[in-house]
Amino acid sequence: MIYITKFAEGFMNLFQTGAETFISWVTGIVPVVLMLLVLMNTLTAMLGEERVTKIAKASSKNVFTRYLILPFVATFMLGNPMSFTLGRFLPEFYKPSFYAVTAQANHTSNGLFPHINPGELFIYLGVAQGITTLGLNQMDLAVRYLLVGLVMNFVGGVVTDYTTKYVCKQQGITLSKETKVIH
């Protein structure tokens, strides 16, 4: 009988923990993401969809602005997960690559800019603690993490472009490289 009781308590504890996590999201990350979404949509409305689309089109023409500058600005200004929404203004062909680069940039910029991805800061801090224990400078690690991340994220974007091109050819799909105004 005691085993059944322990099992029932553990089972209910699982759902109580899930409910506590859900409540922490509702009072923590959900309002922040909602406010960032409102900000982005407000700026887009104030600037106009056409202007924002022109900026995205201009950035999509150059591989460096597309995979170095735009993802960095998106992650720095909007953080994770809102940074992905900036990709909606890019041509369809470049969206997979933008997503890949931005997903990686949300992690590799975290050492210098912890506001980008605070939910995963513990990973960086775990590595940084080891560096500090060795008597090394934690800021050197953060800068190197960012610089190596920028290079590798860029490479990831270019590789994803080739992958996208290959899969489109294989599947007989044509994705536009031209930006369209979203309504």
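Begin by selecting helix 4 (63-78), helix 5 (95-108) and helix 7 (138-171): each supplies at least two residues to the lining of the largest cavity. Helices here are DSSP runs of H or I with at least four residues, numbered from the N terminus. The model is predicted, so that local features need pLDDT of at least 70 and side-chain atom pairs count only at pLDDT 80 or more, while totals for chains, interfaces and linings use all residues. Residues are numbered from 1 along each chain as its sequence is written, and side-chain values use heavy atoms, with hydrogens and water left out.

**The cavity**

Next, select Tyr67, Leu68, Pro71, Phe72, Val101, Ala105, Leu150 and Asn153, which line the largest cavity. A cavity is a set of points, on a 1 Å grid over the protein atoms alone, where a 1.4 Å probe fits but cannot get out; lining residues have an atom within 4 Å of a point. The structure holds 1 cavity of 30 Å³ or more, and the space in the largest cavity is about 40 Å³. Such a volume is the space filled by probe spheres set on the points, which are joined across faces, edges and corners. Which helix gives the largest share of the lining? Helix 4 does, with 4 residues. By class, the lining has 7 nonpolar residues (Ala, Val, Leu, Ile, Met, Phe, Trp, Tyr, Cys and Pro count as nonpolar). The lining also has 1 polar residue and no charged residues; Asp, Glu, Lys and Arg count as charged, and the others, Gly among them, as polar.

**The aromatic rings**

The whole structure contains 8 aromatic pairs. Rings of Phe, Tyr and Trp (its six-membered ring) pair if their centres lie within 6.5 Å; planes under 30 degrees apart are stacked, over 60 edge-to-face and the rest tilted.

Select Phe7 and Phe11, a stacked pair with 6.1 Å from centre to centre and 25 degrees between the planes. Both lie in helix 1 (residues 2-27), 4 residues apart, about one turn of the helix. Phe7 counts as exposed at 61% relative accessibility, whereas Phe11, at 43%, counts as partly exposed. Buried means under 20% relative accessible area, exposed over 50%, and partly exposed in between (1.4 Å probe, protein chains only).

Now select Phe72 and Phe113. Their ring centres are 5.9 Å apart and their planes stand at 70 degrees, so the pair is edge-to-face. Phe72 belongs to helix 4 and Phe113 to the loop between helix 5 and helix 6 (121-133), 41 residues apart.

Terms used: 1 Å grid on protein atoms, 1.4 Å probe; cavity = no way out; pocket = protein on both sides within 12 Å on 5 of 7 lines; lining within 4 Å.
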